[in-house]
Amino acid sequence: MAGPRGGPWGGLAPAPPEYTLLGPDRRPYRSAVPGQFGGHRRSRIYGRLDCPSARRAIARGGYVAHRVFFADEPAAVAAGYRPCAVCLPGAYATWLARGSAAQAHRLRRDGAAARPQRRGAK
């Protein structure tokens with residue numbers, strides 16, 4: 001039986017779906033638009049929603065409890081997540097190069113303070 005305004009819900013349209021996304025500040029927020037990227041909270045890795053590696057992990061179970069979603073790539077990066085090496089190889093290579101350069105800079109900056117003393121050194 002139809003409602004007074006027609007339709008099976010009595011004229012009330014179903015509520016639009018809401019999605020929970022993670023923002024750059026790592027706090028969840030509601031969105032009417034689904035996220036473009038998925039991530040894993042514990043490993044801090046983000047990737048495409050159709051990533052074969054993520055799909056295998058989801059199929060094995062356990063992964064879903066720590067799954068997060070991002071509106072876009074800049075939000076994932078700002079939240080401190082790194083790109084997936086499987087589905088985003090270009091972004092991963094860039095991230096890896098930046099990380100290696102930053103680590104080398106820290107080692108040069110810290111200099112001798114970061115080096116352990118050798119035994120018998122005076």
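Strands β4 and β6 run parallel and are joined by 2 bridges, and in this pairing Ile45 stands opposite Arg82 of β6. The model is a predicted one, and the pairing of β4 with β6 belongs to an open sheet of 4 strands, ordered β5-β3-β4-β6, in which the pairing is mixed. The chain as a whole contains 3 helices and 6 strands, and its elements follow one another from the N terminus as β-β-β-β-α-β-α-β-α.

**Hairpins and positive phi values**

- Strand β1 (residues 19–22) pairs with strand β2 (residues 28–31) in the antiparallel sense over 4 bridges, and within this pairing Thr20 stands opposite Arg30 in β2.
- The hairpin formed by β1 and β2 has 5 residues between its strands, and Arg26, which lies in the loop between β1 and β2, has a phi near 65°, a positive value in a residue other than glycine.
- Arg26 has a relative accessibility of 42% and so counts as partly exposed.
- The hairpin of β3 and β4 has 4 residues between the strands, and Arg44 takes a positive phi near 55° in it, although Arg44 is not a glycine.
- Arg44, placed in the loop between β3 and β4 (45–48), counts as partly exposed because its relative accessibility is 32%.

**Aromatic and charge–ring geometry**

- A search of the whole structure finds 3 aromatic pairs; in one of them, the rings of Phe37 and Tyr46 have centres 5.9 Å apart and planes at 85°, so the pair is edge-to-face.
- Phe37 and Tyr46 are both buried.
- Phe70 and Tyr81 form another edge-to-face aromatic pair, with 4.9 Å from centre to centre and 70° between the planes.
- This pair links distant parts of the chain, since Phe70 lies in strand β5 (residues 67–70) and Tyr81 in the loop between α2 (73–78) and β6 (82–83), 11 residues apart.
- Phe70 and Tyr81 are both buried as well.
- The charged end of Arg82 sits over the ring of Trp95, at 5.5 Å from the centre of that ring.

**Core and contacts**

- The largest nonpolar core has 15 residues, and those with the most contacts inside it are Tyr46, Phe70 and Tyr81.
- The elements that give two or more residues to this core are α1 (52–60) and β5.
- Leaving aside residues up to four places away in sequence, Tyr81 touches Leu22, His40, Arg41, Arg44, Ile45, Tyr46, Val68, Phe70 and Ala76.
- His40, which lies in strand β3 (residues 37–40), counts as buried because its relative accessibility is 13%.
- With residues up to four places away in sequence again left out, His40 touches Ile45, Tyr63, His66, Val68 and Tyr81.

**Whole-chain totals**

- Of the 122 residues of the chain, 22% count as buried.
- Among contacts in the chain between residues at least 6 apart in sequence, 52% join residues at least 24 apart.
- The chain exposes about 9000 Å², and carbon and sulfur atoms supply 56% of this area.

Notes. Residues numbered from 1 in each chain as written. Predicted model: local features only at pLDDT ≥ 70, side-chain atom pairs only at ≥ 80, totals over all residues. Heavy atoms only, no water. Phe/Tyr/Trp six-rings, centres within 6.5 Å; stacked < 30°, edge-to-face > 60°. Buried < 20%, exposed > 50% of the residue type's maximum accessible area, 1.4 Å probe, protein only. Lys NZ or Arg CZ within 6 Å of the ring centre and 35° of its normal. Pairing = 2+ DSSP bridges. Contact = heavy atoms within 4.5 Å. Core = buried A, V, L, I, M, F, W, Y, C linked by side-chain atoms within 4.5 Å. Areas by Shrake-Rupley, 256 points an atom, 1.4 Å probe, with all protein chains shown as cover.
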